[in-house]
Amino acid sequence: MLVYIHVPFCITRCAYCAFHSTPLGRGVNPSASPLVRDYTDTLLLELAHWGDRFGGEAVQSVFFGGGTPSLLPPRIVGIMLDQLAKYFTLAQKAEITLEANPETFRDKNNAVGYLAAGVNRLSIGIQSMDETMLRALGRGHRAKDSLHAAFVARKAGFSNIGVDMLWGLPGQGVRQWLQTLKDMLRMNPTHISTYGLTLEAGTSLELDCAEGRIVLPPERNQAIMFTEGAAFLEKHGYLHYEVSNFARMGFQCRHNLGYWKGADYLGVGPSASSTLRGRRWTNPAVQKDWNAKTRTGQLDADAELLTPTTRVLELLMLRLRTTRGLEVKAYQKFTGRDLLADHHKFIQALHENGLIHIRHGYLSLTRNGMLVSNAILSNFFEQLSSTSALPPVAPATD
Ligand code: SF4
(Lines give C-alpha, C1' and ligand atoms only; values in the text may rest on other atoms or scores of the structure.)
Protein backbone atom coordinates (compact mmCIF):
# COMPACT_ATOMS: atom_id res chain seq x y z
CA MET A 1 0.00 0.00 0.00
CA LEU A 2 1.08 3.59 -0.68
CA VAL A 3 0.32 6.41 1.75
CA TYR A 4 -0.16 10.02 0.64
CA ILE A 5 -0.23 12.75 3.30
CA HIS A 6 -1.65 16.05 2.10
CA VAL A 7 -0.22 19.18 3.74
CA PRO A 8 -2.62 22.00 2.82
CA PHE A 9 -0.52 25.08 3.62
CA CYS A 10 1.62 27.43 1.55
CA ILE A 11 3.17 30.80 2.26
CA THR A 12 1.35 32.58 -0.57
CA ARG A 13 -0.70 31.43 -3.55
CA CYS A 14 0.97 30.95 -6.94
CA ALA A 15 -0.77 32.46 -9.97
CA TYR A 16 -1.49 29.10 -11.66
CA CYS A 17 -2.33 26.97 -8.64
CA ALA A 18 -5.54 24.99 -8.25
CA PHE A 19 -4.26 22.61 -5.56
CA HIS A 20 -5.96 22.61 -2.21
CA SER A 21 -3.89 24.86 0.06
CA THR A 22 -4.34 27.76 2.46
CA PRO A 23 -1.82 30.63 2.29
CA LEU A 24 -0.43 31.25 5.79
CA GLY A 25 1.24 34.52 4.75
CA ARG A 26 4.85 35.59 4.93
CA GLY A 27 6.50 35.61 8.33
CA VAL A 28 3.98 33.24 9.94
CA ASN A 29 5.61 30.56 12.06
CA PRO A 30 3.82 27.32 11.12
CA SER A 31 4.59 25.79 14.53
CA ALA A 32 2.66 28.62 16.20
CA SER A 33 -0.27 28.61 13.77
CA PRO A 34 -3.52 27.31 15.35
CA LEU A 35 -4.58 26.12 11.88
CA VAL A 36 -1.46 23.96 11.53
CA ARG A 37 -1.84 22.64 15.09
CA ASP A 38 -5.46 21.71 14.48
CA TYR A 39 -4.47 20.05 11.18
CA THR A 40 -1.72 18.03 12.88
CA ASP A 41 -4.06 16.80 15.63
CA THR A 42 -6.68 15.69 13.11
CA LEU A 43 -4.12 14.07 10.86
CA LEU A 44 -2.82 11.93 13.74
CA LEU A 45 -6.40 11.00 14.53
CA GLU A 46 -7.05 10.07 10.90
CA LEU A 47 -3.96 7.83 10.84
CA ALA A 48 -5.14 6.14 14.03
CA HIS A 49 -8.60 5.66 12.53
CA TRP A 50 -7.25 3.94 9.40
CA GLY A 51 -4.81 2.03 11.59
CA ASP A 52 -7.77 0.53 13.45
CA ARG A 53 -9.41 -0.39 10.15
CA PHE A 54 -6.43 -1.57 8.09
CA GLY A 55 -3.81 -2.00 10.79
CA GLY A 56 -0.71 -4.02 10.03
CA GLU A 57 -0.96 -3.51 6.26
CA ALA A 58 2.49 -3.14 4.65
CA VAL A 59 3.37 0.38 3.47
CA GLN A 60 5.98 0.60 0.71
CA SER A 61 6.06 4.36 0.31
CA VAL A 62 4.91 7.56 1.96
CA PHE A 63 4.56 10.85 0.09
CA PHE A 64 4.11 14.20 1.84
CA GLY A 65 2.55 16.37 -0.88
CA GLY A 66 0.82 19.69 -0.90
CA GLY A 67 0.62 22.56 -0.52
CA THR A 68 4.10 23.00 0.87
CA PRO A 69 5.01 20.08 3.16
CA SER A 70 8.39 21.65 3.93
CA LEU A 71 6.47 24.25 5.98
CA LEU A 72 5.93 21.52 8.57
CA PRO A 73 8.76 21.39 11.09
CA PRO A 74 10.75 18.10 11.01
CA ARG A 75 9.49 17.30 14.50
CA ILE A 76 5.89 17.16 13.24
CA VAL A 77 6.84 15.11 10.18
CA GLY A 78 8.58 12.69 12.57
CA ILE A 79 5.49 12.45 14.80
CA MET A 80 3.32 11.65 11.76
CA LEU A 81 5.71 8.96 10.56
CA ASP A 82 5.88 7.46 14.06
CA GLN A 83 2.09 7.36 14.18
CA LEU A 84 2.03 5.63 10.80
CA ALA A 85 4.63 3.09 11.92
CA LYS A 86 2.61 2.45 15.09
CA TYR A 87 -0.40 1.23 13.12
CA PHE A 88 1.05 -0.03 9.83
CA THR A 89 4.06 -2.09 8.81
CA LEU A 90 6.38 0.48 7.29
CA ALA A 91 8.72 -1.45 4.94
CA GLN A 92 12.34 -1.23 5.99
CA LYS A 93 13.37 0.40 2.75
CA ALA A 94 10.18 2.40 2.31
CA GLU A 95 10.56 5.44 0.07
CA ILE A 96 9.57 8.50 2.10
CA THR A 97 9.26 11.65 0.01
CA LEU A 98 8.75 15.22 1.16
CA GLU A 99 7.81 17.96 -1.30
CA ALA A 100 9.75 21.12 -0.58
CA ASN A 101 9.68 24.66 -1.90
CA PRO A 102 13.06 26.38 -2.22
CA GLU A 103 12.11 29.34 -0.03
CA THR A 104 11.24 27.02 2.85
CA PHE A 105 14.31 24.83 2.53
CA ARG A 106 17.20 27.05 3.59
CA ASP A 107 18.23 25.70 6.93
CA LYS A 108 20.65 22.77 7.14
CA ASN A 109 19.45 21.83 10.63
CA ASN A 110 15.92 21.43 9.32
CA ALA A 111 17.20 19.27 6.45
CA VAL A 112 19.08 17.08 8.94
CA GLY A 113 15.90 16.93 11.03
CA TYR A 114 13.83 15.62 8.09
CA LEU A 115 16.41 12.92 7.45
CA ALA A 116 16.40 11.95 11.12
CA ALA A 117 12.59 11.81 11.02
CA GLY A 118 12.81 9.21 8.24
CA VAL A 119 12.43 11.25 5.03
CA ASN A 120 14.80 9.82 2.41
CA ARG A 121 13.68 11.56 -0.78
CA LEU A 122 13.09 15.23 -1.54
CA SER A 123 11.06 16.67 -4.37
CA ILE A 124 11.83 20.37 -4.80
CA GLY A 125 9.31 22.53 -6.66
CA ILE A 126 11.63 24.78 -8.62
CA GLN A 127 9.40 25.11 -11.76
CA SER A 128 11.88 27.33 -13.63
CA MET A 129 15.37 28.79 -13.36
CA ASP A 130 14.33 31.92 -15.23
CA GLU A 131 13.51 34.93 -13.02
CA THR A 132 10.96 36.35 -15.47
CA MET A 133 9.10 33.04 -15.58
CA LEU A 134 9.18 32.66 -11.79
CA ARG A 135 7.63 36.10 -11.46
CA ALA A 136 4.97 35.29 -14.08
CA LEU A 137 4.05 32.18 -12.09
CA GLY A 138 3.88 34.15 -8.86
CA ARG A 139 6.42 31.86 -7.19
CA GLY A 140 7.85 32.93 -3.87
CA HIS A 141 11.45 32.02 -4.71
CA ARG A 142 14.26 32.92 -7.07
CA ALA A 143 16.55 30.66 -9.08
CA LYS A 144 19.38 31.05 -6.57
CA ASP A 145 17.06 29.76 -3.81
CA SER A 146 16.61 26.52 -5.78
CA LEU A 147 20.35 26.04 -6.11
CA HIS A 148 20.74 26.77 -2.41
CA ALA A 149 17.99 24.30 -1.41
CA ALA A 150 19.70 21.50 -3.35
CA PHE A 151 23.04 22.45 -1.79
CA VAL A 152 21.57 22.41 1.73
CA ALA A 153 19.85 19.07 1.11
CA ARG A 154 23.01 17.46 -0.18
CA LYS A 155 25.12 18.86 2.68
CA ALA A 156 22.61 17.43 5.15
CA GLY A 157 22.98 13.99 3.56
CA PHE A 158 20.11 13.65 1.08
CA SER A 159 21.19 11.57 -1.90
CA ASN A 160 17.84 11.28 -3.65
CA ILE A 161 16.71 14.75 -4.76
CA GLY A 162 14.07 15.32 -7.42
CA VAL A 163 12.88 18.56 -8.98
CA ASP A 164 9.57 19.66 -10.55
CA MET A 165 9.67 21.90 -13.64
CA LEU A 166 6.99 23.58 -15.77
CA TRP A 167 7.09 24.27 -19.52
CA GLY A 168 4.76 26.16 -21.84
CA LEU A 169 4.88 29.28 -19.63
CA PRO A 170 3.63 32.75 -20.64
CA GLY A 171 6.04 34.24 -23.16
CA GLN A 172 8.41 31.26 -22.98
CA GLY A 173 10.31 30.22 -26.09
CA VAL A 174 11.83 26.82 -26.88
CA ARG A 175 15.35 28.14 -26.37
CA GLN A 176 14.44 29.60 -22.99
CA TRP A 177 13.01 26.22 -21.90
CA LEU A 178 16.14 24.36 -22.92
CA GLN A 179 18.27 26.97 -21.15
CA THR A 180 16.26 26.59 -17.94
CA LEU A 181 16.74 22.81 -18.13
CA LYS A 182 20.46 23.35 -18.57
CA ASP A 183 20.58 25.70 -15.56
CA MET A 184 18.58 23.22 -13.50
CA LEU A 185 21.12 20.47 -14.18
CA ARG A 186 23.53 22.38 -11.92
CA MET A 187 21.46 20.92 -9.08
CA ASN A 188 22.30 17.42 -10.36
CA PRO A 189 18.93 15.92 -9.37
CA THR A 190 18.26 12.19 -9.44
CA HIS A 191 14.72 12.74 -10.71
CA ILE A 192 13.04 15.37 -12.89
CA SER A 193 9.32 15.89 -13.46
CA THR A 194 8.42 18.25 -16.29
CA TYR A 195 4.79 19.25 -16.63
CA GLY A 196 3.14 21.38 -19.29
CA LEU A 197 1.41 24.38 -17.69
CA THR A 198 -2.36 24.03 -17.71
CA LEU A 199 -4.64 26.98 -17.14
CA GLU A 200 -6.86 25.99 -14.23
CA ALA A 201 -10.27 27.57 -13.88
CA GLY A 202 -10.44 30.34 -11.31
CA THR A 203 -6.71 31.01 -11.11
CA SER A 204 -5.31 34.48 -11.65
CA LEU A 205 -3.20 33.18 -14.53
CA GLU A 206 -6.32 31.97 -16.31
CA LEU A 207 -7.92 35.38 -15.87
CA ASP A 208 -4.80 37.16 -17.17
CA CYS A 209 -4.81 34.89 -20.18
CA ALA A 210 -8.54 35.30 -20.84
CA GLU A 211 -8.20 39.08 -20.69
CA GLY A 212 -5.17 39.08 -22.98
CA ARG A 213 -2.59 40.32 -20.45
CA ILE A 214 -0.45 37.24 -21.03
CA VAL A 215 -0.10 34.82 -23.91
CA LEU A 216 0.94 31.19 -23.75
CA PRO A 217 3.33 29.82 -26.39
CA PRO A 218 1.65 28.48 -29.54
CA GLU A 219 0.79 24.78 -29.48
CA ARG A 220 3.46 23.93 -32.03
CA ASN A 221 6.15 25.46 -29.78
CA GLN A 222 4.76 23.64 -26.75
CA ALA A 223 5.08 20.35 -28.65
CA ILE A 224 8.70 21.18 -29.48
CA MET A 225 9.36 22.02 -25.83
CA PHE A 226 8.10 18.59 -24.82
CA THR A 227 10.03 16.60 -27.42
CA GLU A 228 13.26 18.60 -27.34
CA GLY A 229 13.19 18.82 -23.55
CA ALA A 230 12.84 15.03 -23.34
CA ALA A 231 15.67 14.51 -25.84
CA PHE A 232 17.87 16.95 -23.88
CA LEU A 233 17.31 15.15 -20.58
CA GLU A 234 17.92 11.75 -22.15
CA LYS A 235 21.16 13.06 -23.60
CA HIS A 236 22.18 13.99 -20.05
CA GLY A 237 21.58 10.51 -18.69
CA TYR A 238 17.97 10.67 -17.53
CA LEU A 239 15.67 7.80 -18.42
CA HIS A 240 12.30 8.94 -19.77
CA TYR A 241 10.07 6.49 -17.89
CA GLU A 242 6.68 8.19 -17.87
CA VAL A 243 5.12 10.95 -19.99
CA SER A 244 6.29 13.67 -17.59
CA ASN A 245 9.03 11.91 -15.61
CA PHE A 246 12.75 11.31 -16.00
CA ALA A 247 15.20 9.65 -13.64
CA ARG A 248 18.76 8.51 -13.26
CA MET A 249 18.92 4.71 -13.44
CA GLY A 250 17.45 3.25 -10.24
CA PHE A 251 15.90 6.55 -9.08
CA GLN A 252 12.41 6.25 -10.56
CA CYS A 253 9.85 7.45 -8.02
CA ARG A 254 8.56 4.24 -6.43
CA HIS A 255 5.48 5.98 -5.09
CA ASN A 256 4.36 7.09 -8.55
CA LEU A 257 5.31 3.74 -10.09
CA GLY A 258 2.95 2.22 -7.54
CA TYR A 259 0.10 4.48 -8.71
CA TRP A 260 0.79 3.63 -12.35
CA LYS A 261 0.75 -0.09 -11.57
CA GLY A 262 -2.64 0.28 -9.92
CA ALA A 263 -1.49 -0.32 -6.31
CA ASP A 264 -3.84 0.51 -3.43
CA TYR A 265 -3.25 3.90 -1.81
CA LEU A 266 -4.46 5.61 1.32
CA GLY A 267 -4.69 9.41 1.19
CA VAL A 268 -4.83 11.30 4.49
CA GLY A 269 -5.42 15.00 5.09
CA PRO A 270 -7.94 17.43 3.57
CA SER A 271 -8.82 16.74 -0.09
CA ALA A 272 -6.74 13.53 -0.22
CA SER A 273 -8.16 10.60 -2.20
CA SER A 274 -7.87 6.90 -1.41
CA THR A 275 -8.35 3.74 -3.45
CA LEU A 276 -8.32 0.72 -1.23
CA ARG A 277 -9.74 -2.77 -1.55
CA GLY A 278 -11.90 -1.88 -4.55
CA ARG A 279 -13.34 1.32 -3.03
CA ARG A 280 -12.53 4.99 -3.63
CA TRP A 281 -13.26 8.10 -1.60
CA THR A 282 -12.00 11.67 -1.25
CA ASN A 283 -11.67 13.56 2.02
CA PRO A 284 -13.42 16.93 2.35
CA ALA A 285 -11.17 19.78 1.24
CA VAL A 286 -12.35 22.26 3.87
CA GLN A 287 -10.40 21.67 7.07
CA LYS A 288 -13.37 21.95 9.45
CA ASP A 289 -15.42 19.47 7.37
CA TRP A 290 -12.48 17.07 7.27
CA ASN A 291 -12.10 17.46 11.07
CA ALA A 292 -15.77 16.66 11.63
CA LYS A 293 -15.80 13.60 9.36
CA THR A 294 -12.56 12.29 10.86
CA ARG A 295 -13.89 12.65 14.39
CA THR A 296 -17.08 10.78 13.53
CA GLY A 297 -15.30 8.11 11.46
CA GLN A 298 -17.34 9.04 8.35
CA LEU A 299 -14.54 9.68 5.85
CA ASP A 300 -15.34 6.74 3.60
CA ALA A 301 -19.07 6.64 4.28
CA ASP A 302 -19.88 7.54 0.67
CA ALA A 303 -17.08 5.56 -0.97
CA GLU A 304 -17.55 4.58 -4.59
CA LEU A 305 -17.35 0.88 -5.45
CA LEU A 306 -14.95 0.43 -8.36
CA THR A 307 -16.37 -1.80 -11.04
CA PRO A 308 -14.02 -4.22 -12.84
CA THR A 309 -14.54 -2.16 -16.02
CA THR A 310 -13.42 1.05 -14.28
CA ARG A 311 -10.38 -0.71 -12.88
CA VAL A 312 -9.36 -2.07 -16.28
CA LEU A 313 -9.86 1.30 -17.96
CA GLU A 314 -7.80 3.05 -15.34
CA LEU A 315 -5.07 0.46 -15.55
CA LEU A 316 -4.95 0.90 -19.30
CA MET A 317 -4.69 4.65 -18.91
CA LEU A 318 -2.02 4.50 -16.22
CA ARG A 319 0.13 1.88 -17.96
CA LEU A 320 0.03 3.73 -21.26
CA ARG A 321 1.48 6.79 -19.55
CA THR A 322 4.65 4.82 -18.82
CA THR A 323 7.27 4.33 -21.51
CA ARG A 324 7.23 0.60 -20.81
CA GLY A 325 3.56 0.54 -21.69
CA LEU A 326 0.88 -2.08 -21.29
CA GLU A 327 1.67 -5.76 -21.52
CA VAL A 328 -0.84 -7.18 -23.98
CA LYS A 329 -0.78 -10.59 -22.26
CA ALA A 330 -1.47 -9.02 -18.86
CA TYR A 331 -4.46 -7.19 -20.34
CA GLN A 332 -5.74 -10.50 -21.67
CA LYS A 333 -5.29 -12.06 -18.25
CA PHE A 334 -7.23 -9.23 -16.57
CA THR A 335 -10.08 -9.08 -19.04
CA GLY A 336 -10.14 -12.26 -21.09
CA ARG A 337 -9.99 -10.01 -24.18
CA ASP A 338 -7.43 -9.54 -26.93
CA LEU A 339 -6.67 -5.81 -27.02
CA LEU A 340 -4.97 -5.91 -30.43
CA ALA A 341 -7.78 -7.85 -32.06
CA ASP A 342 -10.60 -5.88 -30.39
CA HIS A 343 -9.15 -2.53 -31.48
CA HIS A 344 -7.36 -3.63 -34.59
CA LYS A 345 -8.30 -0.65 -36.79
CA PHE A 346 -7.61 2.00 -34.17
CA ILE A 347 -4.28 0.47 -33.15
CA GLN A 348 -3.23 0.10 -36.78
CA ALA A 349 -4.03 3.77 -37.46
CA LEU A 350 -2.02 4.84 -34.40
CA HIS A 351 0.88 2.68 -35.53
CA GLU A 352 0.83 4.01 -39.08
CA ASN A 353 0.92 7.55 -37.72
CA GLY A 354 3.92 6.82 -35.54
CA LEU A 355 2.00 7.27 -32.28
CA ILE A 356 2.50 3.84 -30.74
CA HIS A 357 5.08 1.06 -30.55
CA ILE A 358 4.25 -2.63 -30.23
CA ARG A 359 7.42 -4.26 -28.97
CA HIS A 360 8.20 -7.43 -27.00
CA GLY A 361 4.52 -7.91 -26.18
CA TYR A 362 4.04 -4.32 -24.87
CA LEU A 363 1.93 -1.56 -26.35
CA SER A 364 3.39 1.86 -25.61
CA LEU A 365 3.13 5.45 -26.82
CA THR A 366 5.92 6.99 -28.87
CA ARG A 367 7.05 10.49 -27.91
CA ASN A 368 4.70 11.95 -30.50
CA GLY A 369 1.99 9.69 -29.13
CA MET A 370 2.64 11.07 -25.63
CA LEU A 371 1.96 14.55 -26.97
CA VAL A 372 -1.58 13.50 -27.83
CA SER A 373 -1.94 10.91 -25.08
CA ASN A 374 -5.16 12.43 -23.73
CA ALA A 375 -6.88 12.12 -27.10
CA ILE A 376 -5.64 8.53 -27.60
CA LEU A 377 -6.71 7.46 -24.13
CA SER A 378 -10.14 9.04 -24.35
CA ASN A 379 -10.65 7.25 -27.66
CA PHE A 380 -9.75 3.94 -26.01
CA PHE A 381 -12.07 4.80 -23.14
CA GLU A 382 -14.99 5.49 -25.45
CA GLN A 383 -14.48 2.28 -27.41
CA LEU A 384 -14.11 0.13 -24.31
CA SER A 385 -16.99 1.68 -22.38
CA SER A 386 -19.43 1.67 -25.27
CA THR A 387 -18.77 -1.83 -26.62
CA SER A 388 -19.05 -3.39 -23.13
CA ALA A 389 -16.12 -5.48 -24.31
CA LEU A 390 -14.92 -6.07 -20.78
CA PRO A 391 -16.36 -9.00 -18.86
CA PRO A 392 -17.14 -8.55 -15.16
CA VAL A 393 -13.96 -10.06 -13.80
CA ALA A 394 -11.93 -8.36 -11.08
CA PRO A 395 -8.56 -7.46 -12.54
CA ALA A 396 -5.35 -8.24 -10.70
CA THR A 397 -3.21 -5.14 -10.22
CA ASP A 398 0.08 -6.39 -11.59
S1 SF4 B 1 3.57 26.31 -3.73
FE2 SF4 B 1 2.52 24.70 -4.92
S3 SF4 B 1 0.65 24.25 -3.77
FE4 SF4 B 1 1.47 26.19 -2.96
S5 SF4 B 1 0.40 27.77 -4.08
FE6 SF4 B 1 2.29 27.37 -5.21
S7 SF4 B 1 1.76 25.78 -6.71
FE8 SF4 B 1 0.12 25.86 -5.20
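Guide: Start with R280, which stands opposite E304 in β14. This is a predicted model: local features need pLDDT of at least 70, side-chain atom pairs count only at pLDDT 80 or more, and totals for chains, interfaces and linings use all residues. Residues are numbered from 1 along each chain as its sequence is written.

The strand that meets β14 (residues 304–305) is β13; the two run antiparallel and are joined by 2 bridges. Strands here are DSSP runs of E, at least two residues long, and helices are runs of H or I, at least four long, both numbered from the N terminus. Two strands pair if DSSP finds at least two bridges between them.

β13 (residues 279–282) also pairs with β12 (residues 273–276), in the antiparallel sense, over 4 bridges. Within that pairing, S274 stands opposite W281 in β13. The two strands make a hairpin with 2 residues between them. There R277 takes a positive phi near 50°.

Now a second sheet. It is open, with 3 strands in the order β15-β17-β16 and antiparallel pairing. Its edge strands, β15 (326–327) and β16 (356–359), each pair on one side only. β15 is joined to β17 (residues 362–365) by 2 bridges. E327 stands opposite Y362 in β17.

Next, a helix pair. The axes of α2 (residues 74–87) and α3 (residues 108–117) come within 8 Å and cross at roughly 5°. These axes are lines fitted to C-alpha atoms over the stretch in contact, with angles from 0 to 180 degrees between N-to-C directions. The two helices are therefore roughly parallel to each other (angles under 35 degrees). α2 contributes P74, V77, G78 and L81 to the contact, and α3 contributes N110, G113, Y114 and A117 (C-beta atoms, placed from the backbone, within 7 Å). By class, this contact has 5 nonpolar, 3 polar and no charged residues. Ala, Val, Leu, Ile, Met, Phe, Trp, Tyr, Cys and Pro count as nonpolar, Asp, Glu, Lys and Arg as charged, and the others, Gly among them, as polar.

Last, the ligand. The residues around it are C10, R13, C14, C17, F19, S21, G66, G67, T68, N101 and G125 (C-beta, placed from the backbone, within 6 Å). That shell divides into 4 nonpolar, 6 polar and 1 charged.

Notes
Angles under 35 degrees count as roughly parallel, over 145 as roughly antiparallel, 65 to 115 as roughly perpendicular and the rest as oblique. Two residues are in contact if their C-beta atoms, placed from the backbone, lie within 7 Å.
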